[in-house]
Amino acid sequence: MKLIAAYLLAVLGGNTTPSAEDLKVILNSVGAETNDNRIELLLSQVKGKDVTELIASGREKLASVPSGGGGAVAVAATASAGGGGGGAAAPPAAEAKKEKEEEKEESDDDMGFSLFD
């Protein structure tokens, strides 16, 4: 991911065809490790391709990836694994208490000032 981000930063900075050295400079500037093999692999895969087309094709691929819904299955599995399901009632109550505490903390953040006062 860091390598892709470095590539995109180079392209956004005006370098339409960044070299391996360009990517190393970007990664080293933030203290990230560099791997020559991965850099060469990325550059060979994106060579001659437009960045906007690559991003568009990536979005299409991500659209087909299922997301969400996994949490309910995990909660149901935990409740049924517990035997009586009695253990499943405690976490929501604890979460509700935490939410109330967070709301109280958030109200103190503005220190009595509002954007519309």
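Modeller: Two ground rules. Residues are numbered from 1 along each chain as its sequence is written, side-chain values use heavy atoms, and hydrogens and water are left out. In this predicted model, local features need pLDDT of at least 70, side-chain atom pairs count only at pLDDT 80 or more, and totals for chains, interfaces and linings use all residues.

Biologist: What makes up the fold, helices or strands?

Modeller: The protein has six helices and zero strands. Its order from the N terminus is α-α-α-α-α-α. Helices (H or I, at least four residues) and strands (E, at least two) are DSSP runs, numbered from the N terminus.

Biologist: Which residues of α3 are called buried?

Modeller: In α3 (residues 36-46), they are Ile39, Leu42, Leu43 and Val46. Buried means under 20% relative accessible area, exposed over 50%, partly exposed in between (1.4 Å probe, protein chains only). Those four residues are under the 20% mark, so they count as buried. Of the 117 residues of the protein, 13% do.

Biologist: Why do you say that the buried residues of α3 line one face?

Modeller: Seen down the axis of α3, they fall within an arc of 95°, so they share one face of the helix. The arc is that of the directions from the helix axis to the C-beta atoms. An α-helix has 3.6 residues a turn, so residues three or four places apart point the same way.

Biologist: What do the buried residues of α3 pack against?

Modeller: Against α1 (2-12), α2 (20-29) and α4 (51-63).

Biologist: What about α1: which residues are buried there?

Modeller: Leu3, Ala6, Tyr7, Ala10 and Val11. They cover an arc of only 135°, so they sit on the same side of α1. The face turned away carries the exposed residues Lys2, Leu9 and Leu12.

Biologist: And which residues are buried in α2?

Modeller: Ala20, Leu23 and Leu27. Their arc is 65°, so they line one face of α2. On the other side, Val25 and Ser29 are exposed. The cover over the buried residues of α2 includes α1 and α3.

Biologist: What makes a set of residues a nonpolar core?

Modeller: The members must be buried Ala, Val, Leu, Ile, Met, Phe, Trp, Tyr or Cys, joined through side-chain atoms within 4.5 Å. The largest such core here has 13 residues. Among those with the most contacts inside it are Leu3, Tyr7, Leu23 and Ile39. Helices α1, α2 and α3 each give two or more residues to this core.

Biologist: Which residues does Leu3 touch?

Modeller: Leu23, Leu27, Arg38, Ile39 and Leu42, not counting residues up to four places away in sequence. Contact means heavy atoms within 4.5 Å.

Biologist: How do you know that Asn35 caps α3?

Modeller: A side-chain oxygen of Asn35 lies 3.0 Å from the backbone nitrogen of Asn37, at the N-terminal end of α3. A polar contact is a pair of N or O atoms within 3.5 Å; within protein, one must be able to donate a hydrogen and the other to accept it, and residues adjacent in sequence count only if both atoms are side-chain atoms.
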